[in-house]
Amino acid sequence: MPKRLSLKFALHEGGGRARPGNEQPPVMRVESAWSARQFESIFAAQRRQWFGDELQRFADNIAAMLQQEHELSLKWEGLPGTDHPVHWTGAADSLSKAQPQVRAGRRLSVWHPPLAWVMPLVARQPMHLAVHLPLTLNEDALEEMARSALPRGWERQRVVVRLDIETRMYWGARAGNSLATWKPCQRRGDGLSDTIPLFTLRRGRVERRVCGAGDFAPMLARHVPAGIGLLVAVPVFSFERRRVVRQVVDRWWREAWQRIGWVCPDDRDPTFVHRIEADEPFWNDATGAAP
């Protein structure tokens, strides 16, 4: 069920100057295997409270996009990139366990918790959005969440755990040439946060912790253009199985690159490309497009 939360929130004008008297936007935490139908229902129930009477004509544009995604979800029996994977893969086990990637199943797995955050945004000029999204009460709860989602057979392995926050923004209006006016539109934009390293598990115990102490709430930071929209954020955990020999080799290469003055950065998220590749066959079949 959706829950209203009190979150730490900062919203700044372009240039970093805080807006006086700015209020935190209402944020809803959806604890379920989210779907296009569910988000359409939440928006219909909250839109008047979120946007008021004067912005309802722009909210109509957001509602139209959500309705279209709902219709596509029904037609295709689940919509990748919108619905929780359980709706379009049929893998009920994905609610509680990480799923191996198509091309790297022996090494990488991804888990989408049945959880999402929804919030409206109204910005009359470009802003910097920084919001802490509460995921668990503390570090112990976070570690238990990750342990319980380990792929079957990985419990006795060394596993690196990371977190991404995937976002999608539904715009009902954008600022025109004058910041005092709105230009109606129907536009969706998707994004992905930087990968957040959490910890390394070895035989089910935390071997190395990277994230900070205290209540854990990942930071979602975004540059927000001027406009009226709805932001949906969903957490994604990645699990990478590591062997000691592989770690030694990787460390040796990193140190070698550093000695010659060329630092080769690690892959930001080795699972992201595989998630895209897993979705591509679905879209090719649904749209009739060439790979």
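Guide: Let us begin with a pair of helices (DSSP runs of H or I, at least four residues, numbered from the N terminus): Ala36, Arg37, Phe39, Glu40, Phe43, Arg47, Arg48 and Phe51 in helix 1 meet Gln56, Ala59, Asp60, Ile62, Ala63, Leu66, Gln67, Glu69, His70 and Ser73 in helix 2, where contact means heavy atoms within 4.5 Å. This is a predicted model, in which local features need pLDDT of at least 70 and side-chain atom pairs count only at 80 or more, while totals for chains, interfaces and linings use all residues. Residues are numbered from 1 along each chain as its sequence is written, and side-chain values use heavy atoms, with hydrogens and water left out.

Visitor: Why are helix 1 and helix 2 called roughly antiparallel?

Guide: Helix 1 (residues 36-51) and helix 2 (residues 56-76) pack at about 170 degrees, with axes 9 Å apart; the axes are lines fitted to C-alpha atoms over the stretch in contact, and angles run from 0 to 180 degrees between N-to-C directions. Angles over 145 count as roughly antiparallel, and helix 1 and helix 2 are therefore described in that way.

Visitor: How confident is the predictor, on the pLDDT scale?

Guide: The mean pLDDT, a confidence for each residue from 0 to 100, is 78, and 73% of the residues reach 70 or more. Over residues 3-22, however, the pLDDT is below 50, although this stretch has 53 contacts beyond near neighbours in sequence. Residues 263-271 also have pLDDT below 50, with 20 such contacts in the model. Where pLDDT is low, the predicted coordinates should not be read in detail.

Key
Helix = DSSP H or I, 4+ residues; strand = E, 2+ residues; numbered from the N terminus. Parallel < 35°, antiparallel > 145°, perpendicular 65-115°, else oblique.
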